[in-house]
Amino acid sequence: MTDEIEAARAALTGGDGFTILQGLLSADEAAAARGRLLAMKDEATHNDDGILALSNLIHRDAYFAGLVTHPRLLALAHALLGGDARLAAVGGRILVPGCKPGGLHVDYPYWAMNPGMPVEPALMLQVIWMLEPFTEQNGGTWVAPGSQAWGSYPEQARFEATAIQATGEAGDAVVSHGLLWHRTAVNRSSEPRVALLVNYSQLAVQPMTEMGPFTDAFRDAASPELRSLLGFDHGRALRRRAARVAGYQ
Ligand SMILES: O=C(O)CCC(=O)C(=O)O
């Protein structure tokens, strides 16, 4: 494991609950991904607050399959969640200029669980990939440092007392523990603010959204890393886990 990945793993569980990985994509690559998401915006789920959500992105555009296996993200997902980590969701978030703030939340599966959610082992890693510079003006995500360890469902007053906005350059990503309290911000700029959201989970977590269907050609061309993330060999991954655990007895 590189120093960067070890530091990120430690920050997510024992530190602020998030960190920023810089330069995962070049500015041009980020602009290309941003353009692809904006091209799909008519397919997005709209809400009254001006926040557009796109889901099941790999199925919609196979280009995104190449991003979820980014070596630095995969290394962090494996370090935090295990070598058989799965994808739980791949989506897009577009903040339309003038949008309202989004709802305060933790990520799946924690919001679907009863209280007593574990910080370690982590169940979920969220990646908020900045496809343009994130600023306080255009809607850098609000996060409460350390809140992954607060052990309760999010509370507005406590969040507002400590929350800061995550900012960075196009191609950087906020990587966060699924228990980090966060919310989308107001976009006070004149352009849409676009993020790619990737969620990695432990093998045992049921993916949050649809991950297909995928054609035979897509399946045949998928790399071993992608096959594993998408659960194409789920039965074999479970058997490997079972064998490893049996070895501990
Ligand atoms: O788009 C953003 O700023 C963050 C969105 C997010 O983290 C979420 O909806 O879980």
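## A look around the ligand and the sheet

By class, three nonpolar, three polar and two charged residues make up the shell around the ligand; here Ala, Val, Leu, Ile, Met, Phe, Trp, Tyr, Cys and Pro count as nonpolar, Asp, Glu, Lys and Arg as charged, and the others, Gly among them, as polar. The model is predicted, so to speak of local features takes a pLDDT of at least 70 and side-chain atom pairs count only at pLDDT 80 or more, while totals for chains, interfaces and linings use all residues. Numbering starts from 1 along each chain as its sequence is written.

Who sits in that shell? The residues around the ligand are Arg93, Asp107, Ile128, Thr141, His182, Thr184, Ala195 and Leu197, where "around" asks for a C-beta atom, placed from the backbone, within 6 Å of the molecule.

Now the fold. The protein chain has nine helices and 10 strands, which are DSSP runs numbered from the N terminus (helices: H or I, at least four residues; strands: E, at least two). Its radius of gyration is 18 Å, close to the 18 Å from the globule rule for 249 residues, so the chain is as compact as a globular protein of that length. That radius is taken over C-alpha atoms, and the rule is 2.2 Å times the number of residues to the power 0.38.

Seven strands line up as an open, antiparallel sheet in the order β1-β8-β5-β10-β4-β3-β2, with pairing called when DSSP finds at least two bridges between two strands. At the edges, β1 and β2 each pair on one side only. Strands β5 and β10 run antiparallel and are joined by seven bridges, and Leu125 stands opposite Tyr200 in β10.

| Element | Residues |
|---|---|
| β1 | 18–21 |
| β2 | 45–46 |
| β5 | 124–130 |
| β10 | 193–201 |

Helix α5 (residues 71–81) lies across β1, β5, β8 and β10, at about 160 degrees to β5. Axes are lines fitted to C-alpha atoms, for helices over the stretch in contact, with angles from 0 to 180 degrees between N-to-C directions.

Finally, Phe159, which is found in helix α6 (residues 156–162). Setting aside neighbours within four places in sequence, Phe159 is in contact with Leu104, Ala144, Pro154 and Trp181 (contact: C-beta atoms, placed from the backbone, within 7 Å).

Methods:
Contact = placed C-beta atoms within 7 Å.
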